[in-house]
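Have the viewer open and follow along.

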Amino acid sequence: MNYDGWCRRIDLSFRTRFPFFQTRLFKVDEYKFQLYVENEIDDFDHYEKIFDNEIRYITTPIKLVKMIPSSYEAEIKCISDEDIPSNFEGIPFTLDQLMIYIASVHRDAKISKIQEKHSTRQLLIELVNNIEPEAVKRIEETANALKFPYTFQVSAAGSEASRIEVKNEVFNIAPSQTRVSLSCGFIERDEALWYENINGIYDGTYKKSDLYFIDQSKTCCLVNFSKFQNANLRNHLLLYDVVYCVLPLAADMKGFLQHQKIQKNEIMDLARRGRIKIINIQPEVRLDYGFLNEVYQENPSSIASRRALSALCAIDLVELNQSYIFSDPELEKINYPLLKEFAEFTNSNVETVSSFLLWPKTALRASLDALNQSGPMGIARYGINNPIINSWPSKDKEIYEFEFVVNSDQIHLAHALDATYFPFFIDGDKYSDHPYALMMGVFLNFYKRANYKDIGESFDFKEMKKIKNPSLSMISTFDINDYIPLLEFEEEVSSRVVRSGMNSLFSELSQLDVQGRNKRISIYNLEVEKTLKNKKVVKHALDLGEEAAGLVVPFVSTGKKLITKGAGKAKSKFPVMQEVSDYIQDKTMSKNMEKRQVSLLSKINRVARLKREFS
């Protein structure tokens with residue numbers, strides 16, 4: 001019997017629950033382990049009871065102690081935050097979970113059966129007999145790296161593969177080998193991304209920039225169309241370089257397309273251009289997987305499935321902990337006495353204060369099991385929703401807990417993507433996830449800014465509560481012409497100069513109150529009307545001039561259109577032209593911000609315009 005792996009994982013679970021403690025793990029003998037807490041604990045009995053009843057795996061011979069054992073066989077290295085995966089050692093898999101894990105890591109392995117042999121303390125994995133001996137050896141190495149108390153023995157003596165049971169696939173990710181019939185190559189690709197890079201993801205060497213669906217040089221937003229209504233997709237294309245979309249379930253796709261006044265081929269074309277990227281929070285079997293596969297064939301980087309999103313979320317937590325002040329190793333040594341003083345000062349308790357102040361550390365340590373099993377749907381198990389709801393007044397707590405749980409995944413995903421999140425709504429504003437998104441977003445942004453570089457900037461929670469979600473203000477400032485086909489609309493706003501200018505304009509407007517905003521919009525609309533009238537007067541003469549010049553120098557007219565109008569299809573085909581066009585457009589525009597905004601509003605007037613009155 002070897003309990004080393006289980007004890008190491010139990011220690012990590014203890015430090016996940018109580019991240020303010022430092023521990024050392026001792027193996028006294030084969031059947032006796034002691035976890036020593038280095039901190040001086042006021043109420044040791046309290047933590048010992050929680051350790052024994054809620055954290056320790058039953059039958060595991062380990063005790064929480066407040067003194068180093070006088071003699072011991074070895075001191076075992078604890079699992080560090082950089083080594084959280086540690087080959088998944090010590091995670092107490094069920095039989096189904098073990099089969100899913102082996103089949104996911106080794107996509108060609110066909111498992112016939114797994115059985116226990118207690119007399120020899122072995123777990124026997126029997127594979128279908130058409131597998132190479134080297135593959136059998138690799139699978140046995142993977143299994144024994146789990147460091148179960150029993151050793152694994154793998155053989156290739158089975159005649160047929162056992163069916164892998166994946167119950168409630170929304171919260172349990174199935175191995176890609178069980179979904180071959182869907183013909184979605186991105187499922188297998190993302191499964192490999194997760195398992196092959198898991199160590200680099202948690203030690204910080206595999207970064208967001210290594211993910212195929214991330215371009216940190218571009219502005220982006222996240223829009224969830226899978227639950228209820230959301231704003232017109234054209235709004236988001238106007239404002240952002242990349243729109244990450246969560247599409248509805250297959251049964252709801254027709255209604256979504258009708259409501260948005262768009263066609264599937266338009267989504268595919270925008271995905272090919274990189275303007276839209278689809279992220280799958282749900283299992284593909286519940287989605288329009290035929291359409292998703294078509295999009296994938298057009299542009300493989302435009303589809304991200306749950307394993308890839310798990311990688312993104314884990315990387316985000318690693319980066320957050322690398323910069324967060326209270327993850328500083330020097331401060332970690334005094335976290336417990338600091339928390340006690342905070343608790344006394346706020347008339348609270350250490351665990352409540354810790355749940356907020358040390359949430360990034362807790363979330364990081366709890367993330368592996370949740371993300372590996374459930375992907376983004378597991379975020380609520382470690383998300384910022386937990387400390388919020390644990391501190392909530394008892395009245396209506398269950399109702400609010402449900403809302404925070406079901407809305408947690410998209411908020412954390414938006415944070416990981418560095419994307420603006422757009423809440424859904426029902427019947428105007430009767431119901432929306434906006435208040436929950438705003439509260440969780442405030443905390444997540446606080447952790448992101450609480451580093452040595454940015455902490456000096458003021459951060460007032462009371463002021464944050466007064467501010468409406470800027471994205472809601474931004475998205476409802478425009479009247480969008482949704483009768484124009486989506487691709488034609490996108491051609492009008494395809495310039496990054498336009499999107500950057502609109503973002504700047506909306507940031508300006510969102511800082512004003514309703515009266516000031518309406519006044520500012522009225523000024524802009526008046527100036528746009530003047531500009532458009534002047535353009536009509538001179539347009540005919542300019543067109544004649546261009547046509548005459550075009551007889552002598554054929555590319556003059558085309559070049560002028562490329563620079564001023566965009567020539568969307570040409571620029572989509574020729575990205576260097578797009579880049580040059582944007583650069584020239586930016587350089588030729590007025591440096592006066594008001595004139596610049598008027599010019600941009602004039603350019604997009606056919607497809608979108610500021611509302612006459614904003615409320």
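Is the crossing in which H1 passes H2 left-handed or right-handed? Keep in mind that this is a predicted model. The crossing of H1 past H2 is right-handed. The residues that make this contact are Ile10, Ser13, Phe14 and Arg17 on the H1 side, with Ile50, Phe51, Glu54 and Ile55 on the H2 side. Sort them by class and you get 5 nonpolar, 1 polar and 2 charged residues.

Now for the geometry of that pair. Two packed helices are described by the angle between their axes and by the distance between those axes. Here H1 covers residues 4-17 and H2 covers residues 44-55, and they pack at an angle of about 120 degrees, with 11 Å between the axes. Angles of 65 to 115 degrees would count as roughly perpendicular and those over 145 as roughly antiparallel, so H1 and H2 are oblique to each other.

Asn347 sits in the loop between helix H13 (335-345) and helix H14 (350-357). Its phi is near 55 degrees, a positive value in a residue that isn't glycine. Asn347 is also exposed, with a relative accessible area of 72%.

Further on, look at the loop between helix H17 (397-417) and strand S12 (420-422), where you'll find Asp418. The phi of Asp418 is near 55 degrees, again a positive value in a residue other than glycine. How accessible is Asp418? Its relative accessibility is 43%, so Asp418 counts as partly exposed, given that exposed means over 50%.

Methods: Residues numbered from 1 in each chain as written. Predicted model: local features only at pLDDT ≥ 70, side-chain atom pairs only at ≥ 80, totals over all residues. Heavy atoms only, no water. Axes fitted to C-alpha atoms, helices over the stretch in contact; angles between N-to-C directions. Helix = DSSP H or I, 4+ residues; strand = E, 2+ residues; numbered from the N terminus. Parallel < 35°, antiparallel > 145°, perpendicular 65-115°, else oblique. Left-handed = near helix turned anticlockwise from the far one by under 90°. Contact = heavy atoms within 4.5 Å. Nonpolar A, V, L, I, M, F, W, Y, C, P; charged D, E, K, R; others polar. Buried < 20%, exposed > 50% of the residue type's maximum accessible area, 1.4 Å probe, protein only.
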